[in-house]
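Here are a few exercises to work through with the structure open beside you. Try each task before you read its solution.

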Amino acid sequence: MTVNSCFRLFVIRYWQIGANVQDMNIEKFCVKKDTKLDLKEHSTDSTGDYTDKAGAVEDLAKNVSRLKKLQDVLYAQDIFSLLIVFQAMDAAGKDGAIEHVMSGVNPQGVSVISFKQPSDEELSHDFLWRCQKNLPERGKIGIFNRSHYEEVLVVRVHPEILQGQHLAPEIKNDKQIWKKRFGRIRDWEQHLTENGTHILKFFLNISKKEQKERFLDRIEEEEKNWKFSMGDVKERTHWDEYMTVYAEAIEATSTEHAPWYIIPADRKWFTRLAVSEVIATKLESMDLRYPSVSDEHKAELAEARKLLENE
Ligand code: ATP
Ligand code: MG
């Protein structure tokens, strides 16, 4: 090893020790209400203070334990719930982020719902119905893998989907339809937060180049073949339209109570760490406490102890 490479290794190691997940500037990812959003200004490949995967994986493990403890209190307190929305272009890593970030949490306290093309039954109701039906109960974390936002994203990019919805012509052809849907989404999310459901929304921001690499991996690696879909490659031809509708939707619906976080998604290890940090910070801000034990219950516990000891 040359003196030069030794020095480089030392600098990298020193830098890694310096990276601390609790110092991560998560506010940088948060879209503030009423600010103009230009997605081009948001990095897809930033890794913050982390220069390689090892340090990030170590810190993700710490956050996984942190989340496990916080979720236990959320469940015991049984007053709040947390709804986490994931939206992204194909292959941006929604599934992997959900799997890794939630890996330590008690499965009984979490539900993950993947929203696909709506069924006939779902199409027979308003566009928020299926989401309302799948909200987390109090005490639980609910994850939406895709969500009600598809109704202002894919439906907007493909006008034929809207034409196929069972709606009156004056609604389908209303030029204000997207603006109205943004408004109803904001109202619905406000209603939820006023009733104890806290909300976080993530847009995993992958570059077009990285998406291509991941599709090629899905073609080349046999174990990933099943993930490949020709439809995803076709959808990619609408990339610019998607970027426009994503920017408009995020800008119109990022509110104080239900903020959007735009997370760089070209490095999966950083995406997972950043998502875990935003969720843990949110749960820590939620005034979670184990329920206090009443005097009556304390007396009951003492009595039960006596009974058990005298058995
Ligand atoms: P991956 O990232 O692994 O491809 P995915 O979330 O894209 O996962 P798929 O089964 O590939 O899952 O695709 C689900 C499809 O359903 C997406 O193309 C999405 O746009 C579409 N979809 C979801 N909600 C709606 C909706 N309300 N109307 C029309 N299409 C929808
Ligand atoms: Mg897909």
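**Exercise 1. Find what share of the protein's residues is buried, and describe its overall make-up.**

Step 1: Of the 311 residues in the protein, buried ones make up 31%. Buried here means 20 or more other C-beta atoms within 10 Å of the residue's own, exposed means 12 or fewer, and partly exposed is in between, with C-beta atoms placed from the backbone.

Step 2: Keep in mind that this is a predicted model, where local features need pLDDT of at least 70, side-chain atom pairs count only at pLDDT 80 or more, and totals for chains, interfaces and linings use all residues. Residues are numbered from 1 along each chain as its sequence is written, while chains are lettered from A and ligands numbered from 1 in the order in which they are written.

Step 3: Now look at the elements: the protein has 14 helices and 5 strands. These are DSSP runs numbered from the N terminus, H or I of at least four residues for helices and E of at least two for strands.

Step 4: For the extent, the C-alpha trace spans about 75 × 70 × 40 Å along its principal axes.

**Exercise 2. Work out the strand order of the sheet and say which strands stand at its edges.**

Step 1: The 5 strands form an open sheet, ordered β2-β3-β1-β4-β5, with parallel pairing. Two strands pair if DSSP finds at least two bridges between them.

Step 2: β2 (110–114) and β5 (260–264) are at the edges; each has a single partner strand, so one side of each lacks a neighbour in the sheet.

Step 3: From one strand to the next, the twist averages 20 degrees. Angles like this run from 0 to 180 degrees between N-to-C directions, using lines fitted to C-alpha atoms, for helices over the stretch in contact.

Step 4: Zoom in on β1 (residues 81–88) and β3 (residues 141–145), which pair in the parallel sense over 5 bridges. Here Phe86 sits opposite Asn145 in β3.
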